[in-house]
Amino acid sequence: MLREQSIVYYPEELSLLGHILDQVLESLPVAMRTPYNRTEIAKSLLACVASGERDPIKLTLAATIDLKVSTAA
């Protein structure tokens with residue numbers, strides 16, 4: 001089994017990621033602001049940043065490109 005690689009983020013990067021996460025969530029209809037979608041958006045963001053991307057527009061697109069429709073029950 002492969003160990004997950006540890007990545008260290010600087011405060012500026014964490015601030016950017018938090019801002020993008022909040023921005024993407026606010027852009028969604030209320031019914032789509034589910035814990036599941038929040039987690040999936042965060043995973044997509046982290047995967048994109050881990051590949052070296054830092055452009056806010058590209059990160060925002062990456063956070064939403066694979067988002068599945070999951071609404072609140």
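This is a predicted model: local features need pLDDT of at least 70, side-chain atom pairs count only at pLDDT 80 or more; totals for chains, interfaces and linings use all residues.
Read along the sequence, the pattern is α-α-α.

**Helix H3**
- H3 spans residues 56-65, and its buried residues are Leu59, Ala62 and Ala63.
- These residues sit on the same side of H3, because they cover an arc of only 100 degrees around the axis.
- An α-helix has 3.6 residues a turn, so residues three or four places apart point the same way.
- The cover over the buried residues of H3 includes H1 and helix H2 (35-50).

**Glu13 in helix H1**
- Glu13 belongs to helix H1, which runs over residues 11-27.
- Is Glu13 buried or exposed? Glu13 counts as buried because its relative accessible area is 15%, and the cut-off for buried is under 20%.
- The Glu13 side chain reaches the backbone nitrogen of Tyr10 at 2.8 Å.
- Setting aside neighbours within four places in sequence, Glu13 is in contact with Val8 and Arg54.

**The protein as a whole**
- Of the 73 residues in the protein, 26% are buried.
- Among contacts with a separation of 6 or more, 66% come from residues 24 or more positions apart.
- The protein exposes about 5,500 Å², and carbon and sulfur atoms supply 60% of that area.

Definitions and conventions. Residues are numbered from 1 along each chain as its sequence is written. Side-chain values use heavy atoms; hydrogens and water are left out. Helices (H or I, at least four residues) and strands (E, at least two) are DSSP runs, numbered from the N terminus. Buried means under 20% relative accessible area, exposed over 50%, partly exposed in between (1.4 Å probe, protein chains only). A polar contact is a pair of N or O atoms within 3.5 Å; within protein, one must be able to donate a hydrogen and the other to accept it, and residues adjacent in sequence count only if both atoms are side-chain atoms. Contact means heavy atoms within 4.5 Å. The arc is that of the directions from the helix axis to the C-beta atoms. Accessible areas come from the Shrake-Rupley method with a 1.4 Å probe; for residues, only the protein chains shown count as cover.
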